[in-house]
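Here's a friendly walk through one structure, a piece at a time. Keep the sequence and the 3D view open as you read.

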Amino acid sequence: MRKGMPKGCHHNGAGGEMTGKLKSGRMVVEGSYAAAHAAAMCRPDVISAYPITPQTHIVEDLSQFVADGAIDSKYINVESEFSALSALVGSSAAGARTYSATTSQGLALMHEVLFNAAGMRLPIVMTIVNRSMSAPINIWNDHQDSVAERDAGWIQLYTEDAQELVDTTVQAYLIGEDPDVSLPVMVCMDGFILSHVFEPVELLDQEKVDEFLPQFSPVRALDPENPESFGMFVDPEYYMDFRYLVEQAMDASRQKIADAARKFESAFGRYYGGLIDTYHTDGAEIILVAMGSLVGTLRDVVDDLREKGVSVGLLKIRAFRPFPIDEILKVVARAKVVVVLDKNISLGTGEGAVTTEIKAGLYDSGSDIRVPVMGFVVGLGGRDIPVGTVQRIVEKAKTVAESGVSGRSEFVDLKHLRV
Amino acid sequence: MKEIRIHGRGGQGSVTAAELLAIAAFEDGRHSQAFPAFGVERRGAPVMAFVRLSDQTIRLRSQVYNPDYVIVQDATLIEAVDVASGLKPDGMILVNTEHSSEDLALETEATVRTIDATRIALDIIGKPIMNTVMLGAFAGASGEVKAESIKHAVCDRFPGPVGDKNADAVQHAYDRMVKS
Amino acid sequence: MTLPYAPIGKPGSSVANKTGGWRIFIPVFNAELCNGCGTCETFCPEGIVHKIEGGDTFIADYDYCKGCGICARECPKDAITMELEEK
């Protein structure tokens, strides 16, 4: 019984004894199925989600699990994403472990609730199946949806393949529910590229997950026996201090994110990085920076180019929030050029958020590292990023590595415009 | 690493074919990756699905531009889509048709193989659903995956008599390609 | 293609897309069995079944008919049969 839940409360959505059992082991499954399975393994008390391409398979799979009695979660059907997250805010405040998944316009519809969830310090975990923002309407992948919410106070973790998505979902609960953190977490997977791919994934074993992930023990929870208001009205006397507390929690989460990844490695034998991951960055003159599935392609490109004698390495940003600037600075300190591939753009700045934030971090008064940063806006709306495109980007980087001077960020692979 | 592109029409099970191929290759002990050409799909519209097969972990996430193999589930697509686009000159294209490869007049240096998969499907399965037949033919023509693994994947996905009939059709197509 | 300043386009483009080539099975309409009830027209999801010109029986527009078979299934007189189309 969770602290604060009224006696006799049922949170079993199936309403009966479990009839099906979820399989575990290594097999070829769809990325979405792996996501749903991972969430199920974390034993969420309450799930509420609204379908939107390309997240739909996740919610279909989860509702099937609930209908089959394979998981013991209450599934709340709602009419919109705004309601989905609102339902989870209420549930989480009552002490329930909660889960949702959304995308693009759906995430945008949740916008005000995102700020509420973080401000109320509720460790909701949500899979974001990254997709572009309308208009134009486009259902394909880029990172605009989650990057646009970077100010809200949610931890944001980006995954490079279906397995990492599984592993990180479990870690997300550990991180978010830590009493020093107590913040909601977005676990991001590239829409279609990872959600609709079939590849070998190890579906986790329930017993092992139970060993790894303790039951949710909230710092505070709604309790009818001891009524309290959550998310109170606060005047200028207090508001700013509460915001500082959230920032402090974000700071505390840095170590927790790193620790959770290592703890997972001990238990399950896999490590995808902590706040960041690096690939051949030692001594590399050119450092490519990216998040999500693009990292996979870049690993191949780095191997290929290094064989041809190019001094290039890869820095994978796994946690975008909190922004791992210290870790990034350590990696790029002796590089000749940092090349950021942003699958997002902050319109009006001409560049993506990762580019801007790295430049800002380098400019910090505490750091005397001065390496040029090149920003490339790539892959918006699902525009494919073939190996050739990356190679052309590296060619440009070579010039900057020599001159030490970088220019403005640029859009890559535009097709129908003369720029 | 080998890359395969499957051409079909919505409703012909091209995505399922890609998935079954990935599962079969995994059973053979290889790494696999299968994905649709992320389109807005509807019955009858041309669709594409892709498969990557490798003995190493597959990290590449871009689309397939130069496939080693192309599978065409519906010959009428040849008029509408450049099915041989990017196909490696030393690759192979397998077309579901009652016609011969010469009659197809495909512009490609790659090997052209044909099989009347719809006929086999109608005869053995009783329906013109030939995606599994094409997989059997692909296994026989390319040697990239074992017929047993495809049959296993098919029976797992479609248990009971439906799966069995499909498995028979897979074997039949496999044998046909190996012999010719 | 020159892009307009915003994603604005013309509606009604599906007429240009002759989907008849997608068929595997073709509906054959038997005028003798047909009672002119129009059920086939009502049920056709593409809206391409219509009265024969100058008559009371129905036929599909084979430029667009995808051979889904719904008309044959719904016809109360079994006047429509789905046959494998020779290509």
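Axes here are lines fitted to C-alpha atoms, for helices over the stretch in contact, and angles run from 0 to 180 degrees between N-to-C directions. The crossing of α10(A) past α13(A) is right-handed, with the near helix turned clockwise from the far one by less than a right angle.

Who meets whom? On the α10(A) side you'll find Thr297(A), Leu298(A), Asp300(A), Val301(A) and Leu305(A), and they meet Val387(A), Val390(A), Gln391(A) and Val394(A) of α13(A). Sorted by class, the residues of this contact are 6 nonpolar, 2 polar and 1 charged. (Nonpolar means Ala, Val, Leu, Ile, Met, Phe, Trp, Tyr, Cys and Pro; charged means Asp, Glu, Lys and Arg; the others, Gly among them, are polar.)

## The sheet and its helices

Chain A also has an open sheet of 7 strands with mixed pairing, in the order β3-β2-β4-β5-β7-β6-β12. Its edge strands, β3 (74–76) and β12 (319–321) of chain A, each pair on one side only; strands pair if DSSP finds at least two bridges between them. Ignoring direction, neighbouring strands are turned by 20° against each other on average. Strand β2 (residues 46–48) of chain A pairs with β3(A) in the parallel sense over 3 bridges, and Ser48(A) stands opposite Ile76(A) there.

Helix α3 (residues 81–93) of chain A packs on the sheet, touching β2, β3 and β4 (98–102) of chain A, and its direction makes about 165° with that of β4(A). Helix α7 (residues 162–177) of chain A packs on the sheet too, touching β5 (125–130), β6 (155–158) and β7 (185–190) of chain A, at about 170° to the direction of β7(A).

## Where chain B comes in

On chain B, 17 residues are in contact with 20 residues of chain A, contact meaning C-beta atoms, placed from the backbone, within 7 Å. α1 (14–27) and β2 (31–36) of chain B are the elements giving two or more residues to this side, and β2(B) brings the largest share, 6 residues. By class, this side of chain B has 9 nonpolar, 5 polar and 3 charged residues.

## Reading the labels

Helices (H or I, at least four residues) and strands (E, at least two) are DSSP runs, numbered from the N terminus. Residues are numbered from 1 along each chain as its sequence is written, while chains are lettered from A and ligands numbered from 1 in the order in which they are written. As the model is predicted, local features need pLDDT of at least 70 and side-chain atom pairs count only at pLDDT 80 or more, whereas totals for chains, interfaces and linings use all residues.

Notes. Contact = placed C-beta atoms within 7 Å.
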